[in-house]
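Let's take a guided walk through a protein model together. Keep the picture in view and look for each residue as we come to it.

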Amino acid sequence: MAKKILVITGTVSPAEKSFSLALTNRFVKEYQSLNPNDEIIHLDLNNEQMAHKTLSRENFGTYFNEQDALKYINQLKEVDKVIISSPMNNFNVSGLIKNYLDHVLLADQTFSYKYVKQGDAKGLLEHLTVQILTTQGAPFGWYPWGNHTEFLKGTWEFVGAKVNTPILFAGTKIAPVSTTNPDEAMNSIADKIIEAAKKF
Ligand SMILES: Cc1cc2nc3c(=O)[nH]c(=O)nc-3n(C[C@H](O)[C@H](O)[C@H](O)COP(=O)(O)O)c2cc1C
């Protein structure tokens, strides 16, 4: 049976200069060659109003509305797999990705109430398999307090998803990678991408 794959991207880099988009496109290409009948649905958060809305005291009462939250939660319930890609922005995921997560991490929709005994909250998206694809300017480990890859892994596991081994492409701001075309740069991790696509 053909599966539905939701591809969520949240970089603010120009598309042709983006390492996270190059990584995502390469992963999707490898996945599609293995699963030609699956349907790919692209969700670039730059184009979604909800991803531009930050939760505040003022909008708290209307934030989780049909258009901005429930529509996207339903989308997660209707697909089989999610590919989510994010660069590191100030030691975390991009603001677009954070705003997306703030909308879809909703009690009784994507997880059972979380302030029960530790470990007792139950994820409600157990049907999902997730592939995390991340980039960061610095090599891995330079900023031990910032790990957007682990943040995403833990968050998707919290909602019950099975998370494939994430791929982090680190050091995009360091030469020679910084002066390499992003598509070409992916050749250095081609094996890793193919390996992950096979397991996804
Ligand atoms: C606003 C902003 C904040 C960033 N913060 C960090 C950071 O905290 N740590 C880091 O290693 N790289 C940081 N970077 C570099 C990006 O993670 C890196 O250039 C990434 O490859 C950009 O996204 P892309 O993969 O779509 O090209 C930052 C970039 C921007 C634009």
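Predicted model: local features only at pLDDT ≥ 70, side-chain atom pairs only at ≥ 80, totals over all residues.

Residues are numbered from 1 along each chain as its sequence is written, and side-chain values use heavy atoms, leaving out hydrogens and water.

Which residues are closest to the ligand? Of the 18 residues that surround the ligand, the closest are T11, S18, S20, M88 and T135; a residue counts as near if one of its heavy atoms lies within 4 Å of the molecule. Sorted by class, this shell holds six nonpolar, ten polar and two charged residues. Here Ala, Val, Leu, Ile, Met, Phe, Trp, Tyr, Cys and Pro count as nonpolar, Asp, Glu, Lys and Arg as charged, and the others, Gly among them, as polar. Both α1 (19-34) and β4 (129-136) supply at least two residues of the shell; helices (H or I, at least four residues) and strands (E, at least two) are DSSP runs, numbered from the N terminus.

S18 lies in the loop between β1 (4-9) and α1, and a polar atom of its side chain is 2.6 Å from an oxygen atom of the ligand. For F19, a polar backbone atom lies 3.0 Å from a ligand oxygen. In S20, an N or O atom of the side chain is 2.7 Å from an oxygen atom of the ligand. The UniProt annotation "binding site", from an unreviewed entry, covers S18, F19 and S20; such annotations may be inferred rather than shown by experiment.

Finally, turn to the backbone. The peptide bond from A175 to P176 is cis, with omega near 5°, and P176 lies in the loop between β6 (167-170) and α5 (182-185). F91 has a positive phi of about 70° although it is not a glycine; look for F91 in the loop between β3 (81-87) and α3 (95-104).

Conventions:
Polar contact = N/O pair within 3.5 Å; in protein donor to acceptor, adjacent residues only side chain to side chain.
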